[in-house]
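Here is a friendly walk through one model, with its pockets, its cavity and a few residues worth a look. Keep the viewer open as you read.

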Amino acid sequence: MPVTVIIPTLNEESWIAGAVESGFTAGAAEVIVVDGGSTDRTARFATAAGARMLLSDAMRARQLNRGAEAAVNSDLIFLHADSRLPGKSALSVERALATKYVFGGFRLRFLEADPRLRLAEKMINLRTAITRAPWGDQGQFIRRDTLLASGGFREIPIMEDYEMAVRMKHSGRTRILPMEIATSGRRFLQKGLLRTAATNWSIVWRYRSGVDPEKLARAYRE
């Protein structure tokens, strides 16, 4: 089944062309960029790279759902603007979703050469190997009909990717492809490895404890 890659954006002019190009290099038949109101040249660069542009509210969950509803293909990959899919990976996604798997993602590596990020990669890939629940920066993939039948991404300001991964894990088998998606470690480098990891896990724990996602989103941005 052909694949559509969906990329939510907000002021990502430095990254978006590479993300779109990686979708086509991966073998996607369609790349959709769903923009949340960028004031830079994101839309121009995305269109020039061959993407189909859609507009949405500036909430990533709504952007993801808008892209899924508009997609013309049966298999979907959700890609962050600062991430790059591995070459020819669309076929691996198609094969996984054509068999016994309902959801999945990729192993992760960071684009930057900073040695601190090698530890972060290992931590993330170990977590994913144990939980079988890949997060949004790992190129989550799913069949379009499965996603829409489940109600799509929960429209909350943060944790929509985590919530989807856990929900899909409970509904069927998930697959972590051995191929590596490359993504930027800019947040780890800006805020520090330990601080970023601690913040991420604190938000996960608080979300599972029932804390309002609006409150968690504010804490994450701070």
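## R62 and helix α3

Let's begin with R62, which is partly exposed at a relative accessible area of 33%; here buried means under 20% relative accessible area, exposed over 50%, and partly exposed in between, with a 1.4 Å probe and protein chains only. R62 belongs to helix α3. Helices (H or I, at least four residues) and strands (E, at least two) are DSSP runs, numbered from the N terminus. If neighbours within four places in sequence are left aside, R62 is in contact with S56, D57 and E155, where contact means heavy atoms within 4.5 Å. R62 also pairs up across the sequence with F153: the two are 91 residues apart along the chain and 7.6 Å apart in space, C-alpha to C-alpha.

A word on the ground rules: this is a predicted model, in which local features need pLDDT of at least 70 and side-chain atom pairs count only at pLDDT 80 or more, while totals for chains, interfaces and linings use all residues. Residues are numbered from 1 along each chain as its sequence is written, and side-chain values use heavy atoms, with hydrogens and water left out.

Is F78 buried or exposed? F78 counts as buried, because its relative accessibility is 3%. This residue sits in strand β4, residues 75-78. Not counting residues up to four places away in sequence, F78 touches I6, L64, A68, G136, G139, Q140, I142, L147 and F153. For a distance check, F78 and T47 are 31 residues apart in sequence and 18 Å apart in space, C-alpha to C-alpha.

F78 is also one of the residues that line the largest cavity, together with P8, R60, L64, H80, G136, Q140, F153, E160 and D161. The elements giving two or more residues to this lining are α3 and α7. By class, the lining of the largest cavity has four nonpolar, three polar and three charged residues; Ala, Val, Leu, Ile, Met, Phe, Trp, Tyr, Cys and Pro count as nonpolar, Asp, Glu, Lys and Arg as charged, and the others, Gly among them, as polar.

The largest cavity has a volume of about 60 Å³, and the count comes to one cavity of 30 Å³ or more. On a 1 Å grid over the protein atoms alone, a cavity is a set of points where a 1.4 Å probe fits but cannot get out, and a pocket is an open set with protein on both sides within 12 Å along at least five of seven lines; lining residues have an atom within 4 Å of a point. Grid points are joined across faces, edges and corners, and a volume is the space filled by probe spheres set on the points.

The largest pocket has a volume of about 1,500 Å³. Its lining holds 43 residues, of which R60, H80, I158, R187 and Y220 lie nearest the centre. Which elements each supply at least two residues of this lining? They are β1 (3-9), α3 (60-70), α5 (116-131), α7 (160-171), α8 (186-191), α9 (193-208) and α10 (213-221). The most comes from α9, with seven residues. Sorted by class, the lining of the largest pocket has 22 nonpolar, 10 polar and 11 charged residues.

The second largest pocket has a volume of about 160 Å³. R127, T131, A133, W135, Y162, V166, K169, H170, W201, V204 and R208 line it, and α5, α7 and α9 are the elements that give two or more residues. Here α7 gives the most, with four residues. The lining of the second largest pocket divides into six nonpolar, two polar and three charged residues.

## Helix α9

Helix α9 has 16 residues and reaches 23 Å from its first C-alpha to its last, close to the 22 Å expected at 1.5 Å a residue; the expected span is 1.5 Å times one less than the number of residues. The buried residues of α9 are L193, T196, A197, N200, I203, V204 and Y207. They lie on the same side of α9, because they cover an arc of only 130° around the axis; the arc is that of the directions from the helix axis to the C-beta atoms. These buried residues pack against α5, α7, α8 and α10, whereas the face turned away from the buried side carries the exposed residues L194, R195 and W205.

T196 in helix α9 counts as buried because its relative accessibility is 2%. Not counting residues up to four places away in sequence, T196 touches R187, F188 and K191. After α9 comes G210, whose phi is positive, near 95°.
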